Amino acid sequence: MRWTSLSFRATGTRMASAPDAWPSPIAPLPPDDEGEGRLQVRSVWISDVHLGTPGCQAVALLDFLKTVESQHLYLVGDIVDGWQLRRSWYWPQAHNDVVQKLLRKARKGTRVVFVPGNHDEFARKYLGHDFGGIEVLEDCVHVTADGRRLWITHGDYFDGVIQCAKWLAHVGDSAYEFTLRLNRHFNSLRARLGLPYWSLSKYLKLKVKRAVSFIGDFEHAVAREARRRGVHGVVCGHIHHAELREIDGIVYANDGDWVESLTALVEHVDGRLEILDWSHRASSGRGSRAPQTAGAVRAATPVSVVQPPKAKLGAGVGLGAGTELAA
């Protein structure tokens, strides 16, 4: 498993609750293993799970949720793929298990907040509601352990295609699904040859000049809005490209996706932010066994950032429409 780290500080944020927006019926999940959580962090952000599609890596996500325990869990949009489910129904048991695990975490005291994205935009009808202990909010502000404020949004409002030509986004979504199907066949052949997983769509995104330009424009647009709101940083998803860096003094964090990259953003108890790459663990076929400490995990080169001046907890900062959650 690879880790990419970035030192930063912030505090918890509360979101509104959500009603019954999940597909049903939901079969019961087998009992949890005793002491399953082996990595304790303060906060976790995941997005772009796309439950309801064959590309969703539900088994790997379930392993992650069993392994990592946190006080705060943010679901940063596109958790359920309503677009795909409208075209054709796909909902295996593993997808039920993920939903049940999220509900179980909420019951056991984890603060679970759901910020809908464009693929699960149906949930935006239920902002401010509570579904099984999971709060549903349009966006929110999380305050880290060291007092920094991070604005949390899915990010689709900064995608011009989604906002101005939604039909084109649906066409692109179908093309992406085709690429993922092709990728699955290609990687099944690589697996038989003993080769590791390789992402075709990620390769194309990084090689096609326009795609690289879009990612850069998106990141800067989101960071500018975070600055306008007076926060120290932003956590988003949407573009399926995990990133943790500073843009013009604003911390930009994208937690990636659970279709290809299998990444999540976590906050440690001291406010440090880190991207967890679960793909190596998933490709190695390891089950629920997890490293006992972060030191047991191979770490990538840390990314250092200039720390903004400390903010007092609870100090008034322009937060826009975001709901602030108490630590």
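**Cores, ring pairs and salt bridges in a predicted model**

The largest nonpolar core holds 37 residues, and those with the most contacts inside it are Ile-46, Leu-51, Phe-64 and Trp-258. A nonpolar core here is a set of buried Ala, Val, Leu, Ile, Met, Phe, Trp, Tyr and Cys residues joined through side-chain atoms within 4.5 Å; buried means under 20% relative accessible area, exposed over 50%, and partly exposed in between (1.4 Å probe, protein chains only). The elements giving two or more residues to this core are β3, α1, β5, α3 (93-107), β6 (111-114), β8 (134-136) and β14 (263-267), with α1 giving the most, six residues. Helices (H or I, at least four residues) and strands (E, at least two) are DSSP runs, numbered from the N terminus. A second, separate core of 16 residues includes Cys-140, Ile-152, Val-251 and Leu-265.

This is a predicted model, in which local features need pLDDT of at least 70 and side-chain atom pairs count only at pLDDT 80 or more, while totals for chains, interfaces and linings use all residues. Residues are numbered from 1 along each chain as its sequence is written, and side-chain values use heavy atoms, with hydrogens and water left out.

As for the strands, β6 is covered on both faces: Arg-111 and Val-113 on one side, Val-112 and Phe-114 on the other, are all buried. Strands count as paired if DSSP finds at least two bridges between them. β6 runs parallel to β5, joined by four bridges, and Phe-114 is the bridge partner of Leu-75. β6 also runs parallel to β8, this time with three bridges, and Val-112 stands opposite Ile-134 there.

Now the rings. Rings of Phe, Tyr and Trp (its six-membered ring) pair if their centres lie within 6.5 Å; planes under 30 degrees apart count as stacked, over 60 as edge-to-face and the rest as tilted. Five aromatic pairs turn up by this rule. Trp-45 and Tyr-74 are stacked, at 5.5 Å centre to centre with 15° between the planes. Trp-45 sits in strand β3 (residues 43-46) and Tyr-74 in strand β5 (residues 72-75), so the pair ties together parts 29 residues apart in sequence. Both Trp-45 and Tyr-74 are buried. Phe-64 and Trp-278 make an edge-to-face pair, because their planes stand at 90°, with centres 5.1 Å apart. Phe-64 is in helix α1 (residues 58-67) and Trp-278 in the loop between β15 (273-277) and α8 (279-283), 214 residues apart. Ring pairs also link Phe-64, Trp-258 and Trp-278 into a cluster.

Turning to charges, a salt bridge is a side-chain nitrogen of Lys or Arg within 4 Å of a carboxyl oxygen of Asp or Glu, and nine are found. Glu-267 pairs with Arg-42, their closest N and O atoms 3.1 Å apart. With Glu-267 in strand β14 and Arg-42 in the loop between β2 (39-40) and β3, parts 225 residues apart in sequence are tied together. Glu-267 and Arg-42 are both buried.

Asp-139, Glu-225, Arg-228 and Arg-229 are linked in a salt-bridge network. Within it, Arg-229 and Asp-139 bring N and O atoms to 3.4 Å, and Glu-225 and Arg-228 to 2.7 Å. Glu-225 and Arg-228 both lie in helix α7, three residues apart, about one turn of the helix. Asp-139 is buried at 7% relative accessibility, as is Glu-225 at 16%, whereas Arg-228 is exposed at 60%.
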